[in-house]
Amino acid sequence: SQEGAQKFDYQSDVARLRKIVINSLYSHRDVFLRELISNANDALEKLRLISLTDKQVLEGAEQMNITIKSWKEEDGSSRLYIRDTGIGMTPEELTENLGTLAKSGTSEFLAKAESTDTTGTGNLIGAFGLGFYSSFLVADQVYVTSVAAKSDKNPNPEQYVFSSSADDSTFEVYPDPRGNTLGRGTEITLVLKDDALEYVDTQKVTELVNKHSSFSTSFPIYLFTQRTEMVPIEEPQEEKTVTETAEAEDESPSVPEEKEELEESLDEEQPTVEEAFDDMMQKLEKEDEEKGIKTKPVIVDEWVHLNSQPPIWMRDPKTVTDEEYERFYQATFKDYEKPLSWHHFSGDSGSGVSFRAIIFIPSKLNDEYWTNPLLTSAKDVRLMVKRVFITNDLGEDALPKWASWVKVVVDAEDLPLNVSREMLQSNKFLRQLKSIITKHIIQTLHRISSEDDPEADEDKWEQISQAYNNVFKLGAIEDRKNREKLASLIRFHTNQGNSTTLDKYLEERKKGQKQIFYLADIGKTTDDLSKSIFVEKLHARGYQVLLLNDPLDEIFVQNIKNWKKIPFQDVAKAGLKFGDEDADPEEEKERQQVLTEQYKPLLEWLKKEAGEIVRDVVISNRLVTSPCAIVADTHGYTANVEKMINAQQSKANQFMHEYAKKMKLLEINPRSPLIEGLLKRVDQLPSEEEERDLEAEDELREVTAVLIDGALVRSGFSVPDSNEFLTRASTYPPSLSRRLETAKADSSVKPAPPVETKPVEEEDLSFDDTHVRVDPEMLGLFDQADAAAQPQVQWEVEEVDEEGNVIKPVEVSHDEL
Ligand SMILES: Nc1ncnc2c1ncn2[C@@H]1O[C@H](COP(=O)(O)OP(=O)(O)OP(=O)(O)O)[C@@H](O)[C@H]1O
């Protein structure tokens, strides 16, 4: 062990992590280079950021870059050096940063990794990033040599070494006996394992850097290479550019100032293995001999600039391949899955700032999003100024809440480099950024979904729809300005077994139809919903009903209220109209009156029996085979809303709730034989008080109770005492139970008229808005205090498009996208 060395035990989590890395990730070991370069890049970014306010940190090393060198030592070991001139580490930081794991969620990660097979772990790495410990995938022994940047606190930083072998449970930290050779920054020395010698091959390294790091690293990466040149023998000139191979290893890599010249050599073939070298020599000698010149081969050292291409967002989108976008996304946002889609654009904001940006749509939302969608704030808007990373924390309001999942890189040309908290609020460009990004997300989505856009992609839209359908609902509720555009993206299931959008629904509506029919019941399957008694007649007649089973649905519908002026109609509520009711409303009224008169005794009887539950009993126009249904009055709660309200902790207005709960109607189906039978039996009851048949009344009361309870259940409401219902049903005389089950109504219906051909605008539409509303706040969807303190207006920032035109806050129809 080295002189002055301090020995430390790894923190237990580190020991576990290293074990996982070493044991199970063999097939993923290429990642080590990406991880080390990413750390180097981070260290350089930190340095650059501090240097904006404290110039002295730059002392010690002039340039900011990353250098990679592979070398075969005299002792036979092959080593890979990855060095950066970044912020560096003090000996305390070496111990702290490399000996412990500070990351949150580490333990869960470890537990997961230890319990999954290697393929699963491969994915985990991508998501988690193993960082420095991945070194041990390829190295038996690792040294981290580091000199921290100069600061007031640390005016004379010294060079220290962290040393650890792959199978040690301890590590050492000691002062470097060579003194300060780095100037500033960190050098990782990997003593490669015998089975990892492929990484000394410069071509292999070049390949890996190109693949994983070249787009995401904003500092130059140089790779040490050697090239053979033929030098004429006659003129024994000083070999300035030629170094003996053995010397180079002592020298810490210093990168030539004239980088440009060297870049071309990237494409040239570089002999890296001995056979290739010999071949080359022979060829060159032969060529020179042919020319009659006497030459000898010499080896020229070179630092080749690997990432000489401008960063991906600065390039012309036409020149960037899909694969490059995908790799860039995965490396930058640490997602092991590919993005579903992206949009690369540039613009000029009204405040004169030109910028370039790429927005990415991840393959799925992370779990956090739905735990509290309105409290999550955007974490992945990476702001750069002239290629320099500034921040990925643009504050609470960087994006609307519904869009907090989007991943963005944005590079602005003329923004002060020291973006502070206050600046985020006061800078005009940064304030505009939100609407610029939002607008582009929506445009991208519309392009993929719209049927007549050249970029439309049905399969992709299917995937996006799967992952983001609810996000669009949330967006339509939250973001009033973009409500229409977001709502038009939502897909709904229907009773006809397909899915549809609101626009398509209107296109396919029937003649005369002036309502958008929907049935909402949280948690039911769409299959269950399609069998609901409220849907039966609409379905039989051929009308489309949207089947909504997500908690957000009801809130969405109630917030937007109508689509293109056609109101939504809950089919479980009063007010349902087909739109083709008999031409003469008088006639219809008359028929209703005749029926009401005919059924009067039964209606009265039922009203007495169901008085606790419903406000009134009426003849139904919505039932086909079912004998009866419980329907919410216009001002009442449907079963779904009642469920949502009951789930709420605080029932602020108890009186209102009790009132709304009572606002139900019992509708009976005059065509049901059961109802007809019931009418007969009520009629048969003796009318004179003294002749009452108490036994017959009791029996009838039982039948009625079963019927009402059944209606409650089938209408989605809960039965006051469901046990009682079951007992009642089971104790009922078998003959009657059987009748209850088998009695079938005449199920013939009149089919709906053909599809409406007139556009919506030409129709005479009027609707009332007296329906009971579910207030999103009441349902705890929005944080109440928050919502009160920050009214909706907070999103209404002044919007300026990329061309600099102020966009007036007028409603833009989604067709204009
Ligand atoms: N080249 C370096 N220069 C300066 N500090 C470094 C360097 N490499 C690592 N570190 C320090 O060591 C810490 C641990 O590194 P490690 O790679 O294990 O995790 P990370 O970089 O924080 O996370 P991850 O790589 O998973 O994103 C870093 O956070 C950083 O502070």
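1. A definition to begin with: two residues are in contact if their C-beta atoms, placed from the backbone, lie within 7 Å. Please also keep in mind that this is a predicted model.

2. With that cut-off, have a look at Leu-666. Leaving aside neighbours within four places in sequence, Leu-666 touches Leu-606, Ala-610, Val-614 and Val-617, and is also in contact with Cys-628, Ile-630, Ile-708 and Ala-711.

3. Leu-666 belongs to the largest nonpolar core, which has 113 residues. Leu-666 is among the residues with the most contacts inside this core, together with Ile-359, Val-410, Tyr-518, Leu-519, Val-545 and Val-571. Helix α12 (residues 428-449) supplies the largest share of this core, nine residues.

4. Helices α2 (residues 31-51) and α6 (residues 202-213) pack at about 65 degrees, their axes 10 Å apart, and their crossing is right-handed. From α2, Leu-33, Arg-34 and Ile-37 meet Leu-208, Val-209, His-212 and Ser-213 of α6. Four of the residues in this contact are nonpolar, two are polar and one is charged.

5. Finally, the sheet. Six strands form an open sheet with mixed pairing, in the order β16-β15-β18-β17-β20-β19. The edges are β16 (499-500) and β19 (562-563); each has a single partner strand, so one side of each lacks a neighbour in the sheet. Strand β15 (residues 492-494) runs antiparallel to β16 and is joined to it by two bridges, with Phe-492 standing opposite Thr-500 in β16.

Note on methods
Residues are numbered from 1 along each chain as its sequence is written. This is a predicted model: local features need pLDDT of at least 70, side-chain atom pairs count only at pLDDT 80 or more; totals for chains, interfaces and linings use all residues. Axes are lines fitted to C-alpha atoms, for helices over the stretch in contact, and angles run from 0 to 180 degrees between N-to-C directions. Helices (H or I, at least four residues) and strands (E, at least two) are DSSP runs, numbered from the N terminus. A crossing is left-handed if the near helix is turned anticlockwise from the far one by less than a right angle, and right-handed if clockwise. Ala, Val, Leu, Ile, Met, Phe, Trp, Tyr, Cys and Pro count as nonpolar, Asp, Glu, Lys and Arg as charged, and the others, Gly among them, as polar. Two strands pair if DSSP finds at least two bridges between them. A nonpolar core is a set of buried Ala, Val, Leu, Ile, Met, Phe, Trp, Tyr and Cys residues joined through C-beta atoms within 7 Å. A residue is buried if 20 or more other C-beta atoms lie within 10 Å of its own, exposed if 12 or fewer, and partly exposed in between; C-beta atoms are placed from the backbone.
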